[in-house]
Amino acid sequence: MPPLPLFRLPGLVLFEVFKSLSIGEKINLSLCSKKISTQINNARLCSQKVIVNLDMLDHGMRVRTENNRDTFDIFISLYSRRRNDPDMQQCQIDGHTVPLFSFTREIDTFWKNYYSTSIKDVSMQDFN
Amino acid sequence: MTSPASSSEVKYLIESSEGNTFDVSGAALRQSNTFNAMFLNIGADGPIPFTDYNEATLKKVFEYCEHSVNEENYSGPKHQDDLSKWDLNFFNEMDQKMFIDVINASNFLDIERLTSYCCERIARMLRGKNTQEMIKVITLPTAEELEAKQKVEEKKAAAAKKVAEKAAETAEKTETLEELPVQQLVQTTRNKLTRKYLSFSNE
């Protein structure tokens, strides 16, 4: 099947689709484009209560549901630690171009200015 | 042609964007909340125009409705794994253009069951994928397309503003035109009365 033109779908249908995706799928989808990220934010998925655990030791965070059934990890690394890999993507996060590896259950991000940018704020936007 | 009393047996005529008409049973049509809100209680006098959608799309949507007439009442979205063989065939034989048209028509007609299955099908395309794989599955508008869309929207907004301004101007002109004769009439009557009063007082 050819690629699906997501934005030709009615808004209500899009919202229903977003609702049925897991935390990780929503984060991964929001990294596809700024417009999708905005749409996911507009869907106001407030009904989905999530818990964010910050892991200072491993420089990462875990976003999870209350019952722990749905979890997604975000790892924050220094830009200098990035490695040349064809699978590495460049994504726009909060106005910054961030190299990252995206997986179904986690993303590894590499930040140029490690301390001044907070990925926590960025990912929290997805959950309002 | 239609009577609200026996809507399950009666056939309704549906008109598509091509101007073609075809029959749909009342029972199938009642699955559409839009139809229920618009026509169920009052009945339809002539073909019901769903002219935003082509015949093939409408026929596909109502084919689904006809099939699910005898199924138990809809009780919220089901997982795609719960779909019957017929349902799966129904979705599999559609190409992508038809699939999108069906979603749009189903959304407009507010057919909960069909819309929910379509949503589930799209969600399934995205499930278990990382960002790169998702980008391959969906088409994202390019910067040029977004710019062109924005330009069209700006043009539309400018045109709408012009129309509104013109309408306001015309309304103002009409008001002044309507006011003039009344004012003239009042003045003439006042003059006449004054003259009459003066002649009366002179006498």
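**Chain B, burial and make-up**

I began with burial in chain B: of its 203 residues, 23% count as buried. I keep in mind that this is a predicted model. Next I listed the elements. Chain B has 8 helices and 4 strands. Read from the N terminus, they run β-β-α-α-β-α-α-α-α-α-β-α. I then looked up sequence separation. Among contacts in chain B with a separation of 6 or more, 69% are between residues 24 or more positions apart.

**Helices α5(B) and α6(B)**

I turned to this helix pair. The axes of α5(B) and α6(B) come within 8 Å and cross at roughly 140°. Why do I call α5(B) oblique to α6(B)? Angles over 145 degrees would count as roughly antiparallel, and the crossing is at roughly 140°, so α5(B) is oblique to α6(B). I noted the hand as well: the crossing is left-handed.

Then I went through the residues. From α5(B) I have Val102(B), Ile103(B), Ser106(B) and Asn107(B). They meet Leu114(B), Thr115(B) and Cys118(B) in α6(B). By class, I find 4 nonpolar and 3 polar residues in this contact, and no charged ones.

**Where chain B touches chain A**

I moved on to the interface. Here 27 residues of chain B are in contact with 26 residues of chain A. On the chain B side, the elements giving two or more residues are α5 (96-109), α6 (112-126), α7 (131-137) and β4 (138-139). Which of them gives the largest share? I found that α6(B) does, with 8 residues. By class, this side of chain B has 14 nonpolar, 9 polar and 4 charged residues.

I also checked for strand pairing between the chains. Strand β1 (residues 4-5) of chain A pairs with β4(B) in the parallel sense, over 2 bridges. Leu4(A) has Ile138(B) as its bridge partner.

**The sheet in chain A**

Last, I traced the sheet in chain A. It is an open sheet of 6 strands with mixed pairing, in the order β2-β3-β4-β7-β6-β5. I marked β2 (50-55) and β5 (89-93) of chain A as the edges; each has a single partner strand, so one side of each is left without a neighbour in the sheet. The twist averages 30° from one strand to the next.

I took one pair further. Strands β6 (residues 96-102) and β7 (residues 106-111) of chain A run antiparallel and are joined by 3 bridges. Leu100(A) stands opposite Thr109(A) in β7(A).

Finally I looked at what packs on the sheet. Helix α2 (residues 23-30) of chain A does, touching β2, β3, β4, β6 and β7 of chain A. I noted its direction at about 45° to that of β4(A).

How values were computed
Residues are numbered from 1 along each chain as its sequence is written. Chains are lettered from A and ligands numbered from 1 in the order in which they are written. This is a predicted model: local features need pLDDT of at least 70, side-chain atom pairs count only at pLDDT 80 or more; totals for chains, interfaces and linings use all residues. Two residues are in contact if their C-beta atoms, placed from the backbone, lie within 7 Å. Ala, Val, Leu, Ile, Met, Phe, Trp, Tyr, Cys and Pro count as nonpolar, Asp, Glu, Lys and Arg as charged, and the others, Gly among them, as polar. Two strands pair if DSSP finds at least two bridges between them. A residue is buried if 20 or more other C-beta atoms lie within 10 Å of its own, exposed if 12 or fewer, and partly exposed in between; C-beta atoms are placed from the backbone. Axes are lines fitted to C-alpha atoms, for helices over the stretch in contact, and angles run from 0 to 180 degrees between N-to-C directions. Angles under 35 degrees count as roughly parallel, over 145 as roughly antiparallel, 65 to 115 as roughly perpendicular and the rest as oblique. A crossing is left-handed if the near helix is turned anticlockwise from the far one by less than a right angle, and right-handed if clockwise.
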